[in-house]
Amino acid sequence: MTVRTLSRTDARRLAVRAQLLDAHRPHGMFDAVRRLTLLQNDPTAAVAPNADLVLWSRLGSGYSPTQLRDAIDEQALLELRGLIRPPEDLALYRADMAEWPGRPPLRDWQESVRGWVDANNGCRLDILARLRADGPLPAHELPDTCVIPWRSSGWSNDRNVLRMIDFLVQRGEVAAAGRRGAHRLWDLAERVYPDDVVPYEDAVRIRDERRLRALGIARARAPENPVEPMDVRAAGKPAVVEGVKGEWRIDPELLDRTFTGRAALLSPLDRLVYDRKRMTELFEYDYQLEMYKPAAKRRWGYWALPILYGDRLVGKLDATADRKAGVLRVDAVHQDVPFSKAMTAALQYEIHDLADWLHLTLASTT
């Protein structure tokens, strides 16, 4: 099989184009979600929640967050394990759910979680019965009748209902069903998910192909990510990138197209930068999310937004949406490369558009 050789520029443009961050914007929210395949539904709102920020980066200020909330409430988009997906894609995950906690041989942690659910089967049945009678409901209205508490050194310690819900989602018995204010609602999956099921092997292949179409370029193998893998196995065609070790997989349908770039401000969880190893290899970009670092040790800011210009990641914007004061505060613009007048003008346009979209007044402390 012929292996395609790409320059780093070619590879970056493939990634940018696949993530809908070139000059050709998608045709509305549903088009964007279907082509991206997912939105990470992270609630951190130092600027805006990730899913909204990702859509604004693609669609501009014509996008309203109420569109996404309404689509989820009406089940025109569905949430699975914290990821918002097109409803037709759920058929690609139903076979996985039927084989929870995984195909044999099971790992120790899979045996452990299966054992915990089995030991607390009464609680499982109580939650399902309550949802059947009164759902959708928030987690705090569901019964905790676990006989063995969930033990963890992290945030989930003794949060039995939340852990049980997570496993029932993975089993395909419970599904997210919108929100009531700040609270996520849960219901029986049979009331939320479409009935279609794609056989396991076919589903894995199609998911790999759709993931590659959304990423443009990816490794055949990458470190394990249990919710959404970052690799694509045998999908697409093989390629090598000049100056980067190893083999990649590319979507050949995205090759050999004219590239027209633009400026964009990205969420720290945007898929263009979410795989930090791929980001470093292809974009030669130094970035970390610093919200968990002490303020004194941050280089770029609590929720610094990567700055895309054309096919390069060129800096970071340290900004905060101070909704109480009604301002978007810009604390710093970190330039990884010297900005030209055109880059500065494009960035200023994006910052002003972000403030307008957030309905905040722009305030700069720089």
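Q: At roughly what angle do the axes of helix H1 and helix H12 cross?
A: This is a predicted model, and in it the axes of H1 (residues 8-18) and H12 (residues 276-283) cross at roughly 135°. They come within 9 Å of each other. That angle makes H1 oblique to H12, because only values over 145 degrees count as roughly antiparallel.

Q: Which residues of H1 and H12 meet?
A: From H1, the residues are Arg8, Ala11, Arg12, Ala15 and Val16. Their partners in H12 are Arg278, Glu281, Leu282 and Phe283.

Q: How do the residues of that contact divide by class?
A: Five residues in the contact of H1 with H12 are nonpolar and four are charged, with no polar ones.

Q: Moving on to H2 and H3, at what angle do they pack?
A: Helix H2 (residues 29-36) packs on H3 at an angle of about 110°, and the two axes are 10 Å apart. H2 and H3 are therefore roughly perpendicular to each other, since the range for that term is 65 to 115 degrees.

Q: Is the crossing of H3 and H4 left-handed or right-handed?
A: The crossing of H3 and H4 is right-handed.

Q: Which residues meet in that pair?
A: Ala51, Asp52 and Leu55 of H3 meet Pro65, Leu68 and Arg69 of H4. The contact of H3 with H4 has four nonpolar and two charged residues, and no polar ones. Leu55 is also among the H3 residues that take part in the contact with H2.

Q: A change of topic: how many cavities of 30 Å³ or more does the structure hold?
A: The structure holds one such cavity. About 60 Å³ of space lies in the largest cavity.

Q: Which residues line it, and which helix gives the most?
A: The lining consists of Thr37, Arg85, Asp89, Leu92, Tyr93, Arg207, Arg210, Arg211 and Glu228. Helix H10 (residues 200-215) gives the most, with three residues.

Q: What is the make-up of that lining by class?
A: Six of the lining residues are charged, two are nonpolar and one is polar.

Q: Thr37 is on that list; what is its phi, and where does it sit?
A: Phi of Thr37 is near 75°, which is a positive value in a residue other than glycine. Thr37 lies in the loop between H2 and strand S2 (39-40). For context, most residues other than glycine have a negative phi.

Q: Lastly, which peptide bonds are cis?
A: The bond from Trp100 to Pro101 is cis, with omega near 5°. The bond from Pro104 to Pro105 is cis as well, with omega near 0°. Most peptide bonds are trans.

Q: Where are Pro101 and Pro105 placed?
A: Pro101 lies in the loop between helix H5 (94-98) and helix H6 (108-119). Pro105 is likewise in the loop between H5 and H6.

Definitions and conventions:
Residues numbered from 1 in each chain as written. Predicted model: local features only at pLDDT ≥ 70, side-chain atom pairs only at ≥ 80, totals over all residues. Heavy atoms only, no water. Left-handed = near helix turned anticlockwise from the far one by under 90°. Helix = DSSP H or I, 4+ residues; strand = E, 2+ residues; numbered from the N terminus. Contact = heavy atoms within 4.5 Å. Nonpolar A, V, L, I, M, F, W, Y, C, P; charged D, E, K, R; others polar. 1 Å grid on protein atoms, 1.4 Å probe; cavity = no way out; pocket = protein on both sides within 12 Å on 5 of 7 lines; lining within 4 Å. Points joined across faces, edges and corners; volume = space filled by probe spheres on them. Axes fitted to C-alpha atoms, helices over the stretch in contact; angles between N-to-C directions. Parallel < 35°, antiparallel > 145°, perpendicular 65-115°, else oblique.
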